[in-house]
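Subject: Structure for you to look at

Hello,

Please find the structure below, followed by notes on what turned up in it. Keep the model open beside the text as you read.

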Amino acid sequence: MNTFDLKTFRHAGLSIMTVAVLSCGAVFSTPVKADSPREDQTRYGLASGDGPLNTLLINGQPTTPKIAGNSALFVQKIAESGDTDVVLLTSVGGQACDAQYSILQVTPNGIKAPTPFFGNCSTASPSISGSRITLKFPKNIGKYVTTPAEVDVYDLATGILTKNGKTIPSACKLDDGVCQG
């Protein structure tokens, strides 16, 4: 194949690919992911931990109740269940506690009460099976704190939060009207 034929072939290939992508865009499109760990897109708007004093905003508006992280609030949409988007909130700590987590349900009518912030100050990633969200935390041996390993499970269907198999309060305790991480 000479140089001209190769250029024509590449141009034709690019054109065919462009037409294929444009015609199948609806099939291959995915929600736009935010560039920052402080925000993520839900079906009901952008959830962002960039509010004043690290508070959660949905579509630029504070939530009721207000939800605040420690030195930062990271937001990650982790699941959809019916008309509910499930968001994992990470309150980034300081030297004594790397992170604490809360699970929030975002619906067309607003948010449901978030869970209290939980975890043993080490980091974990969620795993999801059916309606259960599980976070496994390794034993945390730090400079300022030592905490045992724990497994926290949140059941979306019932709203029950357990720590190592024992039910713990599943609604965040408000401090001056704020669910504080």
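The structure holds 6 salt bridges, a salt bridge being a side-chain nitrogen of Lys or Arg within 4 Å of a carboxyl oxygen of Asp or Glu. This is a predicted model, in which local features need pLDDT of at least 70 and side-chain atom pairs count only at pLDDT 80 or more, while totals for chains, interfaces and linings use all residues. Residues are numbered from 1 along each chain as its sequence is written, and side-chain values use heavy atoms, with hydrogens and water left out.

One of the salt bridges is between D50 and R38, with 3.1 Å between the closest N and O atoms. This pair links distant parts of the chain, 12 residues apart: D50 is in the loop between β2 and β3, and R38 is in the loop between α2 (25-28) and β1. The helices (H or I, at least four residues) and strands (E, at least two) named here are DSSP runs, numbered from the N terminus. D50 is partly exposed, at a relative accessible area of 41%. For these labels, buried means under 20% relative accessible area, exposed means over 50%, and partly exposed is in between (1.4 Å probe, protein chains only).

Another salt bridge joins D85 to R43, and here the closest N and O atoms are 2.6 Å apart. This pair also links distant parts of the chain, with D85 in strand β7 (residues 84-92) and R43 in the loop between β1 and β2, 42 residues apart. Is D85 buried or exposed? D85 counts as buried, at 0% relative accessibility, whereas R43 counts as partly exposed at 38%.

K77 and E80 form a salt bridge through their side chains, at 2.6 Å from N to O. Salt bridges that share partners join R43, K77, E80 and D85 into one network.

Strand β1 (residues 39-42) and strand β2 (residues 45-48) run antiparallel and are joined by 4 bridges. Two strands count as paired if DSSP finds at least two bridges between them. How many residues lie between β1 and β2 in their hairpin? There are 2. At residue level, E39 has S48 in β2 as its bridge partner. Strand β2 is also joined to strand β3 (residues 57-58) by 2 bridges, and these two strands run antiparallel. There, A47 has I58 in β3 as its bridge partner.

T107 and R43 are 64 residues apart in sequence, and their C-alpha atoms are 8.6 Å apart in space. Which residues is T107 in contact with, leaving aside its neighbours within four places in sequence? They are Y44, D83, T84 and K112, where contact means heavy atoms within 4.5 Å.

The rings of Y101 and F137 have centres 5.6 Å apart and planes at 45°, so the pair is tilted. Rings of Phe, Tyr and Trp (its six-membered ring) pair if their centres lie within 6.5 Å; planes under 30 degrees apart count as stacked, over 60 as edge-to-face and the rest as tilted. Y101 is in strand β8 and F137 in strand β12 (residues 132-137), 36 residues apart, so the pair links distant parts of the chain. Y101 counts as buried at 3% relative accessibility, and F137 counts as buried at 3%.

F137 is also one of the contacts of E150, a residue in strand β15 (residues 150-155). Neighbours within four places in sequence aside, E150 is in contact with G119, N120, L135, K136, F137, K163 and N164. E150 counts as buried, at 5% relative accessibility.

Last, the totals. The protein chain has 2 helices and 19 strands. Of its 181 residues, 39% are buried. Among contacts with a separation of 6 or more, 36% are between residues 24 or more positions apart. The protein chain exposes about 10,600 Å², and carbon and sulfur atoms supply 58% of it; accessible areas come from the Shrake-Rupley method with a 1.4 Å probe, and for residues only the protein chains shown count as cover.

Regards
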